[in-house]
Amino acid sequence: MSALLGRVQQAAGLLQKTSLLGQAGPAILYASARGFAAEAEAGGIPVEVHNEGGSKRVVVTKELPGERWLKLLTQADCRVEVSKHPEVITSKDTIKKLIGSQCDGVLGQLTEDWGSELFSALQKAGGSTYSNYAVGFNNVDVGAATESKVSVGNTPGVLTETTAELAVALTMAAARRVVEADSFMRAGKYEGWLPTLFVGALLQNKTVGIIGAGRIGAAYARMMSEGHKMDIVYYDPYPSKKLEEYMKGYGELLKSQGERPVTCTRVETMEEVFKAGDVVSLHCALDEKTKHLADKKMLGMMKEDAILINAARGPIHHEEDLVAHLKANPNFRCGLDVFEDEPHMKPGLADCANAVIVPHIASASQWTRSGMATLAAANIAGRLQDFPVWDKPDMLPFVDGPFDQIPKASPNILNAKDLGL
Ligand SMILES: NC(=O)c1ccc[n+]([C@@H]2O[C@H](COP(=O)([O-])OP(=O)(O)OC[C@H]3O[C@@H](n4cnc5c(N)ncnc54)[C@H](O)[C@@H]3O)[C@@H](O)[C@H]2O)c1
């Protein structure tokens, strides 16, 4: 790859060393997949530099999909430095080196620990804006950012359907034992059809329990109910009027066709959801109240052959308790996208055939991942140009449609009010 780049550089007559602004050391220009970029170093960390002459320096801690995000930043006169450090999870040390002594903004990842240490480093470097490449922000101490006068952006509105679809995929895979059956086939164990081979659970007309009927929880509820005529029972401190009305309308439609109408019930306690659900899916944010909510006690209330889904955040389930429950109840199943000690699994989980486990891919559709990049970049570009904060939940004007019609706004700033934005 580097030999190929070398040939591209020579053929284009671009092999040259340039002294760069800010933190980066000498650069070598080359043709990248997104036009010309420069290879350089920032605080000893390899970076790919775009729009070298930009007046504001923005650090991006991981390579991002799509091109729209980069165009947004470079058109906002930002010099963009994308870290090429090989570590999968960028450490605080690396981020501090990348920030260096002059940095206006950082676009970071949910796997990074954004607390007072990094926010004060960013503030000292003259920075005023951080954007998290995620809708969840449990990795960010928003209060510490506010103290450092740094705005915090996130990316709501483009993950909803994609994440809900993965939760549905996990539910179906767990109910119908798809992963176990796939491994069986690949191992050459299939010798012929049998009435007892990989018998699973029928979801039709059963009950789905939702913890947290926000954007994703409500989308998942709709998909499960419309797909399988399932009833919904949910717990959320706030009622989801939109979901309740939608389900009422769907129930009336079914009734008008002589079918059983589905129901949607908001209950007062989480216990009621865990008891009633043939499937229970967790869709709340991770905080002190939701940490370990699916523990031994709550799992013990579930039906013996129920299914637990977590596509929210790992620590919402108590993983050691879950492993013990899976082992003691072979007909109980779970589908996990997230893990308590990510990227690790608690001992014994990988041995449980009744668990479907995938590596935090719930938002991994092409459209969503590039949409997230666009929103995260627009949060930074908007702040650095002093644009207002977008005041609508609809994020499509940022991610779809013509580039020159992208709103002149930051899509979502979590501490906008506290910073007086
Ligand atoms: N696995 C992934 O890749 C992935 C992708 C996107 C989002 N997520 C996670 O999903 C979460 C939900 O995302 P969203 O966009 O639907 O957020 P949201 O804010 O729209 O929904 C969260 C809901 O949880 C409710 N809630 C708050 N406290 C609660 C409690 N104690 N018990 C029950 N419900 C409670 C809220 O009232 C809200 O309705 C995010 O916080 C994020 O952590 C994960």
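The legends below describe close-up views of a predicted model.

**View 1. The shell around the ligand.** Of the 30 residues around the ligand, those that come nearest are Gly136, Gly212, Gly214, Ile216 and Ala285. By residue class, the shell around the ligand comprises 16 nonpolar, 9 polar and 5 charged residues. Both domain 1 and domain 2 take part, with at least three residues of the shell drawn from each, while helix 8, spanning residues 215–228, supplies the largest share of the shell, 3 residues.

View 2. An open sheet is formed by 7 strands in the order 12-11-10-13-14-15-16, and the pairing is parallel. Strand 12 (264–266) and strand 16 (355–357) are the edge strands, each of which pairs on one side only. From one strand to the next the twist averages 15 degrees.

**View 3. Helix 8 against the sheet strands.** The helix that gives the largest share of the shell around the ligand lies across strand 10 (207–211), strand 11 (231–235) and strand 13 (279–282). Relative to strand 10, helix 8 runs at about 175 degrees.

View 4. Strand 14 (residues 307–310) and strand 15 (residues 333–336) run parallel and are joined by 4 bridges, and Asn310 stands opposite Leu336 in strand 15. In the loop between strand 15 and strand 16 lies Pro343, which is joined to Glu342 by a cis peptide bond with omega of about 10 degrees.

View 5. Lys149 is placed in the loop between helix 5 (142–147) and strand 9 (151–153). Phi of Lys149 is near 60 degrees, a positive value in a residue other than glycine.

**View 6. The two annotated spans from the UniProt record.** The unreviewed UniProt entry carries the annotation "domain: D-isomer specific 2-hydroxyacid dehydrogenase catalytic", which covers residues 58–380; over these residues the chain is 38% helix and 15% strand, with the end C-alpha atoms 8 Å apart. A further annotation in an unreviewed UniProt entry, "domain: D-isomer specific 2-hydroxyacid dehydrogenase NAD-binding", covers residues 168–362. For residues 168–362 the end C-alpha atoms lie 10 Å apart, and the span is 36% helix and 14% strand.

Methods:
Residues are numbered from 1 along each chain as its sequence is written. This is a predicted model: local features need pLDDT of at least 70, side-chain atom pairs count only at pLDDT 80 or more; totals for chains, interfaces and linings use all residues. A residue is near a molecule or strand if its C-beta atom, placed from the backbone, lies within 6 Å of it. Ala, Val, Leu, Ile, Met, Phe, Trp, Tyr, Cys and Pro count as nonpolar, Asp, Glu, Lys and Arg as charged, and the others, Gly among them, as polar. Domain bounds come from an automatic or database domain assignment. UniProt positions are given in the numbering used here, feature names are shortened, and annotations may be inferred rather than shown by experiment. Two strands pair if DSSP finds at least two bridges between them. Axes are lines fitted to C-alpha atoms, for helices over the stretch in contact, and angles run from 0 to 180 degrees between N-to-C directions. Two residues are in contact if their C-beta atoms, placed from the backbone, lie within 7 Å.
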